[in-house]
Amino acid sequence: MTPRRTRTTAALIAAATVLGALAGCGADPKVHRATEALGTHGVKAVGPKPKPVEQGLPGMPPVLDPKDLYAADRPGKLSPVVKDFPSRVYVPNTESDTVSVIDPRTYKVIETIAVGNQPQHVVPSWDMKTLWVNNDKGNTLTPIDPKTGKAGKTVDVHDPYNLYFTPDGKYSIVMASLDRELVFRDAHTMKQVKTVPVSCYGVNHADFSADGRYFIVSCEFSGELLKVDTAKMKVVGQERLPFAGAMPQDVKISPDGKTFYIADMVANGMWVLDGKKFTTPKLLPTGKGAHGLYVSRDSREMYISNRGEGTISIFDFAKNKLTKKWTLPGGGSPDMGGVSSDGKVLWLSGRYDSEVYAIDTRTGKQIARIPVGDGPHGLAVYPQPGRYSLGHTGIFR
C-alpha cells in the first residue's frame, strides 16, 4: 500500500507536469502563474504581495520597538550624554521673566535665573545638551547648560512661543503663535531655514508620527489641527475641530504610534485622532480645562492635567479608557510639566497660583506644593530617559 505522503507528492508532480505542458502550449496566463507557484515541496500560496515596510524619516534614529515608541524612556535609562547632569526642575515664570530651579530631592527652589520677556517653555534640545527657554515676547531664546545650570548668551528668534525638533535632529521648529508661522531653523545655530505661513491662529503644541515623516499641530485660537510633512516642511492637512470654541492644547502620540491625543481646555477633554487618515477626531471628556499630556515610564498610562478643576485624569492605553482621577488638595491650576526620571513623581506647574505640584504617580497624592514666580508654565524635568528630544517640555524617544 502506497503511503499517503508519497501519493500526495506524486499527484502534485503530475499536476505540475500537466500545467507546465498547458502553459507551454499557449494556455491561459492564469494557468501559467499557477504553474510558477508550484514547487518541489508542494503548492505555494498565490496572493497579493506583502506591503513594503514604511521607512522612517532619513536620518532619524531607528525605532527601538514598533509597539512602543517610548521604549527608550524606561525608569533611570539615561543617555550617556545626560547621566552626569544634576536632577532639576526648571520652571519658566511668564509674568516674572525668570526661571525657578527646583531640587527634586528637597522640593525647594535653589536658584532663580533672570531670562527674557514672558518665558513660556523650557525645551531640551534634540541632542539633549542644552535647555532652551522660549522668551516669547522678548523674541529670544535663552540657553541653559544643564550640567552647570548656568544661562548663556541669548539668541534672537522672533515669537518663540514653543519649540520642537525634527526627529533627524537637523531642524528646530519654532511655533510662532502670533506670527502665524512654523519656522524651521538649524537645530544648533537657530539660523532660519524656511518659514511656513499658516492660515490658522495660535500654533501651539505638536507631536511626530512613529516614522517621523509628519507631525500634528494644534491651533488653539481657531480650534484647528494641522498635519505637516516633516521633510517637505509643508502643511498637507488642516481641519477644524467639531466643537464650538474648541481650544486644543498639548499633543501626544500613543505608544503604538496609531493614535494622536490632543487636549482641549474648552471642550474639557482630549481629542482622539487617527493621524495617518487625518479624519474627524472623537472627543473623550476628561475634566475642565484639559491641558497637558504625559506618558508614564512604563508606557501604560497617560496623565492629563485638567487646569480648570485642579485634577489629573489617568488614561489607560490598553483599556482605551479613563481609569482614575486625582484631585489636588485645596484645588489648583495644573498646567504643563513632566515625569521624574524614575517615573515616581509627576511635576506640574500651577499656572494661576504661582506654584508647582509634585504628585506621587503610584497613589495620586500630592507630595509637595512649591512657591515659584508668577505665571509658571512649561516646566521641564531634567534630565529624563531617552535617546533624543523632540522638544516641548520633553518628548523623548
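Guide: We will take some labels one by one and set each against its cut-off. Keep in mind that this is a predicted model.

Visitor: What does the protein chain hold in helices and strands?

Guide: The protein chain has two helices and 31 strands.

Visitor: How do you know that Cys200 and Cys219 form a disulfide?

Guide: Look at the sulfur atoms. They lie 2.1 Å apart. The cut-off is within 2.5 Å, so a pair of cysteine sulfur atoms at that distance counts as a disulfide. The structure holds one disulfide.

Visitor: What makes the disulfide of Cys200 and Cys219 left-handed?

Guide: The torsion about its S-S bond is about -50°, so the disulfide of Cys200 and Cys219 is called left-handed.

Visitor: Which parts of the chain does the pair link?

Guide: Distant ones. Cys200 is in the loop between β14 (192–197) and β15 (203–208). Cys219 is in strand β16 (residues 214–219).

Visitor: Why does Cys200 count as buried?

Guide: Buried means under 20% relative accessible area. Cys200 has 1%, so Cys200 counts as buried. Cys219 has 0%, so Cys219 is buried too. Of the 397 residues of the protein chain, 54% count as buried.

Visitor: What makes a group of residues a nonpolar core?

Guide: Its members are buried residues from a set list, such as Phe and Met, joined through side-chain atoms within 4.5 Å. The largest nonpolar core has 25 residues. Phe260 and Met302 touch the most other members. Strand β20 gives this core its largest share, four residues.

Visitor: Why are β19 and β22 called edge strands?

Guide: The open sheet has the order β19-β20-β21-β22, with antiparallel pairing. β19 and β22 (282–285) each pair on one side only. From one strand to the next, the twist averages 25°.

Definitions and conventions
Residues numbered from 1 in each chain as written. Predicted model: local features only at pLDDT ≥ 70, side-chain atom pairs only at ≥ 80, totals over all residues. Heavy atoms only, no water. Buried < 20%, exposed > 50% of the residue type's maximum accessible area, 1.4 Å probe, protein only. Pairing = 2+ DSSP bridges. Axes fitted to C-alpha atoms, helices over the stretch in contact; angles between N-to-C directions.
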